[in-house]
Amino acid sequence: MFKKILATTDGSELAQKGIDQAMKLAKQLGAQLLVVSAEEPYSYANVTAYRPESFESYNDRVKAETTERLEEAKRLAERNGMTAEFLPVKGNTPAEAILEACRSRGCDLIVMATHGRSGLSAVLLGSVTARVIKESPVPVLVVR
């Protein structure tokens, strides 16, 4: 059915549940698993009078956070006896990075978590999951 599954992580506890579900599914189907974590692009809104952050320090911090998220996913995979590929991805937005990884790596399913925001918080914060669902060329399994 599915041969290559892409799972996403943002480091949250909920995202770990999504990875866990993706691992179980990959194991049951004998599918390959790719775990990605999107590196948020630098926003000049990050430079404020209260907390100035240079482009270089931002990139270093985000790269370290992404590496840690993927290391945690790798530890989870090892505990579950799974092998997977772990990849940091970049794009104009996290959703674009995830979708590009899906296309370029030939994935046929995306598994990701959602915080289930609605109303004003969904409008203001946006939703990576909603955008991936809307633009994905493959099915998306959403974990809550």
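The structure is a predicted model, in which local features need pLDDT of at least 70 and side-chain atom pairs count only at pLDDT 80 or more, while totals for chains, interfaces and linings use all residues. Residues are numbered from 1 along each chain as its sequence is written, and side-chain values use heavy atoms, with hydrogens and water left out.

A search of the whole structure finds nine salt bridges, a salt bridge being a side-chain nitrogen of Lys or Arg within 4 Å of a carboxyl oxygen of Asp or Glu.

I begin with E39 and K90, whose closest N and O atoms are 3.6 Å apart. E39 belongs to strand β2 (residues 32-39) and K90 to strand β3 (residues 85-90), so this bridge ties together parts 51 residues apart in sequence. Strands (E, at least two residues) and helices (H or I, at least four) are DSSP runs, numbered from the N terminus. E39 is buried, at 9% relative accessibility, whereas K90 is exposed, at 63%. Here buried means under 20% relative accessible area, exposed over 50%, and partly exposed in between, with a 1.4 Å probe and protein chains only.

Strand β3 also holds E85, which is paired with R105 of helix α3 (residues 94-105). E85 is partly exposed at 31%, and R105 is partly exposed at 30%.

Finally, I turn to helix α2 (residues 55-79), where R75 and E72 are three residues apart, about one helical turn. They form a salt bridge at 2.9 Å, N to O. Both belong to a network of salt bridges that links E68, E72, R75 and R79.
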